Structures are given as structure tokens and as C-alpha cells.
Amino acid sequence: MLRLLRSTSVRLTLVFAGLFIIASLMLGAILWWETAASLERETDAVIVADTQAVGDRLRDFGLAGALTTINERVAQTADEHAVYLLTDPALNRLAGNLSAWPAAVGKDTGWYEASLVRDGHTYPARLFHVSLSGGFQLLIGRDMGSRLAIRHLIVNALAWSALVAVALAIAGGLLVRRAVLGRIAQVNRTTTAIVQGDLSRRLTVGGSDDEFTRLARTINEMLAQIELLIDGVRNASNAIAHDLRTPLAELRARLEDTERRLAGGAADAPTLRGEVQDAIDDVDRLVDIFNALLRLAAIDSGARRAEFRRVELAPLVEEVAEVYGALAEAKGARLIVNTPEQIAITGDSDLVAQATANLLDNAIKYAAGGPITLSLHRQPDGQAAITVADAGPGVPENERGKVIERFRRGDASRHSPGVGLGLSEVAAVAKLHGGALELGDNAPGLKATLVLGGADAALPHANGASKSAA
């Protein structure tokens, strides 16, 4: 029993049944008040009216008038259950359809419930005892047998209704339990399969738009995100193992070679300094990889949202362009900056600047001495966008979705410096700001657009439309 009570569905069934029973009892109470109680009030009103009529006739016409009224009521009444009795002060019968004063009715005036015998049958009656002028005692009432029968009929009907209500409540609760448990069982099967390693499993989404369907959609979206993150972690782990193995092996080989030279006495100071510098470069490369991974982890966690502030994008873009202008010139490229409007977002200025710098750094590497355009604009949907377009080899369309994965590098960049985390970091920054990284064809070259959500209204730019850094 305790095990059943631990079940949410069983408790829900009991609550459903209890509410149903309470509603039935309330309905029964209203029905009782409107039927049985109404009949009793109506009976009392008739008895009081008869009492007032006899009292008025006694006052107006004396005892003879009261006797005549009672005899007429007894002889002509349409209610065969009426009770009339008029006595003198000594309770001796003067008129009425009772042979004697009932023992259950005392000398005090008021309402009485008594059992009377008439025609050899005992029946319950409701009686009203009043004292008239001259000491005469009047007793008027009604046979309540039929009223009690109606009352018992109502009680029986309510009892059966309560039983039916309980049955319906239990049946309804069981149906609800079956429906809920069916959905929960499906969720359990899916989550169990996921726990066992099948990350591709999803909840079945029904055609209706009820709460369970919306919950299933939300859970499926969550599972898709979890699968994406786990795949990212798996790919990142494989890529880390692959990318770190080479520099670590080179570092170990270089250190072993240096140790042999030192042991053999063949190493001079300039050679040792060169070997140490190469080792430091390898360590710096490893540190850069881990720093990039730490930045990505911080971005993906969403903790940086707590530092979001209003960011003016035009000054930020121009500042990044100023830093990278000299690097572009050294590579023989011409950097064109276009910020025709001033747009503000709510975000992290350091992250947006780093993402813009990553896009510029990639463009400068592969621009092949051609022009690079850095522009700030607003998209038709109102989102802010920072676009970097170059005239380099570009990225084939079938690889654009892969190059933003961590440690993934395109064919054109496979032999160039870097670890393959730059675009991944840009995509993470865009996602953190409610946007996305969009890669397109610049014909020739690559057009990379950092879309940032939550842009404010655009204002006229005070510093001009565009400028060139060559």
C-alpha cells in the first residue's frame, strides 16, 4: 500500500477521486436544501396559516366559529394528511380528527414531532401547538410520512450518486494514470537508451500541441544540444591528442638531443640557446592551445553574460582595425573599414573584439595581398553584423560547416600556423550574444559575418562612412 502511495499517478487518482466526491457532496447538499428542506418549510407555512385562520375565527365568531372552521377543514380538506384538534383548557376534545390529545405533545406551545395512530396505522407527524383566547388549545399538523419517503428517496439517490461519483473518479484517475504513465514510460525508455550510449534517441512528438508535446520538443532540443556538446568534446579530445602529440614529441626529441650533446660535451652556448628557444616556442604553442580551450569553455558556460554591458560597435570595430592595419600592410594587403552607422548591443566588448580580431587574423593570413573589407552594418532582421571579406582562396561550400568545429582546419590552411580554434571561438561568441557565424563566398575569397543579437536603434555615425588602412 505504501509503495502505491509513493506513485504520483496513484496520488493523482486519489486526489481526483476526492475532488469528485467533494463536488458530489456539495451538489447533494444543495439538492437537499432545495427539495427536502423546501418541502418542510412549505409544510410549516401551511400549518401556521391554518392556525392563524382558526384563531381569527375564534376571535371574530367565538367558539362556534372555530368549531365550524375545523369541521369544514376536516371534511373538505384536500390534504388527507392534515391533523386538527381543538380542546378546552382541560385538553378535552372539542373538534378535529384526533380522538385525544397526543401524549408526546406537552403543555408548552411550539413545534413537536410525534407518532400518531390513525386507522390502525402509526405515522410520523409534525405538530404546532398554540394556546388561543379563553384557554382553548389548538393542535394542527401534517402527516410527514410522504415527506419522509421523499427524504429517504433523496438520501438514497445521493448515496448512489456518491458511489457512481467514486467509481467515475477512480475510472477517470486510472485513465489519467494510464495516459501519464504511458508518456513517462516513453520518456524512461528514451532516457535509458541515451544513458546506455545511444545519443541519437529522441522522444516521440505527437500531433497535438498539449503540455507533453511541448515538453517533448523541449527535451528533444536539449538532447540535440547535449549530443552536439558531447560530439564537440569527443572531437576536441581527439583533436587535442592529435595536435599536442606532435609538438610534445618534437619537444621531447629536442630535449633528448640537447641532453646527449650536453653529456658528450659537444653543445655550445649558441646551439643550446637555439634549442631552448625552440622548446619555449613549442611550450608557447601548447599554452596557446590550452588558453584558447579555456576561453571557449568560459564562453560556452554562459558565465560571461553576467558582464554584459552596452557596447558601441563602431568604435570597437575601428579600434580592432587600427591594431590589425599594420599587420595587413606588412602582408601586402589593404584593409578597408566601413562603419556607416553607429550600432549598440548588449554584450561583452572584450569577446566581440576578440572575435573580430580572429576574423581579421584569418583574412590577413589568406588574403594573398588582396583587399580586406571590415564592415559594420545592420541586417534586415535588425541584428548587428560585423563582416570580414577577403580575396583569398576561400572555403568550399561543403567545408564551411566543418571549419568552425574545434581543431578543424581547411585544406588551404593546413600548413599555416594556428591550431584551428579561431573560428570556433568566433562561433561561440556569436552564440553567446544570440547570433551566429555565417560563412559565404566573396567571389573570390571568404565572407565571414559575425551576427550579434540585441542591437539597439541605429544612430548617424559622427565619424564618416568609411576609411582605408593600407
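Q: Which residues form the nonpolar patch on the surface?
A: V15, L19, I22 and M26, with about 410 Å² of accessible area together. Patch members have over 30% relative accessible area and no salt bridge, with nonpolar side chains (Val, Leu, Ile, Met, Phe, Trp, Tyr) joined within 5 Å and like charges within 9 Å. Areas come from the Shrake-Rupley method with a 1.4 Å probe, and for residues only the protein chains shown count as cover. Keep in mind that this is a predicted model: local features need pLDDT of at least 70, side-chain atom pairs count only at pLDDT 80 or more, and totals for chains, interfaces and linings use all residues. Residues are numbered from 1 along each chain as its sequence is written, and side-chain values use heavy atoms, leaving out hydrogens and water.

Q: Is M26 buried or exposed?
A: Exposed, at 53% relative accessible area (exposed is over 50%, buried under 20%, partly exposed in between; 1.4 Å probe, protein chains only).

Q: Switching topic, how many salt bridges does the structure hold?
A: Nine, counting a side-chain nitrogen of Lys or Arg within 4 Å of a carboxyl oxygen of Asp or Glu.

Q: What does D50 pair with?
A: R73, with the closest N and O atoms 2.6 Å apart, and R142, at 2.9 Å. R142 sits in strand 5 (residues 137–143) and D50 in helix 3 (residues 36–76), 92 residues apart. Helices (H or I, at least four residues) and strands (E, at least two) are DSSP runs, numbered from the N terminus.

Q: And how exposed is R73?
A: Partly, at 27% relative accessible area, while D50 is buried at 9%.
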